Amino acid sequence: PPLPPRSCEDAKGATIMPCGRCRQLLWEHGGPTMLIDTPAGVQTMTEVLPQAFGVDNLDRVTNQQEKS
């Protein structure tokens with residue numbers, strides 16, 4: 001099942017952006033349409049992490065190697 005929407009907060013409760021490592025994990029487990037609450041409002045992971053590296057990139061490399 002997909003991950004539910006997420007939000008990150010600082011010690012005072014203000015919404016902040018997830019760190020880079022967290023963004024990658026959210027992309028891998030939540031996918032491009034997962035919703036993240038950001039300081040700019042609710043955004044999809046595609047908006048939060050444009051040009052993300054994911055399983056599709058690995059599949060392309062694997063398929064190229066199989067053709068060689």
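Select Met45 and display its surroundings: leaving aside residues up to four places away in sequence, Met45 touches Arg23, Leu26, Trp27, Gly31, Pro32, Met34 and Ile36, where contact means heavy atoms within 4.5 Å. This is a predicted model, in which local features need pLDDT of at least 70 and side-chain atom pairs count only at pLDDT 80 or more, whereas totals for chains, interfaces and linings use all residues. Residues are numbered from 1 along each chain as its sequence is written, and side-chain values use heavy atoms, with hydrogens and water left out.

Next, select Leu26, Trp27, Met34, Ile36, Met45, Val48, Leu49 and Ala52, the 8 residues of the largest nonpolar core, a core being a set of buried Ala, Val, Leu, Ile, Met, Phe, Trp, Tyr and Cys residues joined through side-chain atoms within 4.5 Å. Helix H1 (20-30) and helix H2 (45-48) each supply at least two residues of this core. Buried here means under 20% relative accessible area with a 1.4 Å probe, counting protein chains only, and 21% of the 68 residues of the chain fall in that class.

Now colour by secondary structure, with helices (H or I, at least four residues) and strands (E, at least two) taken as DSSP runs: the chain holds 3 helices and 4 strands, in the order β-β-α-β-β-α-α from the N terminus.

Finally, zoom out to the whole chain, whose C-alpha atoms fill a box of roughly 55 × 20 × 15 Å along the principal axes. The radius of gyration, taken over C-alpha atoms, is 15 Å, whereas a compact globule of 68 residues would have a value near 11 Å, by the rule of 2.2 Å times the number of residues to the power 0.38.

Definitions and conventions: Buried < 20%, exposed > 50% of the residue type's maximum accessible area, 1.4 Å probe, protein only.
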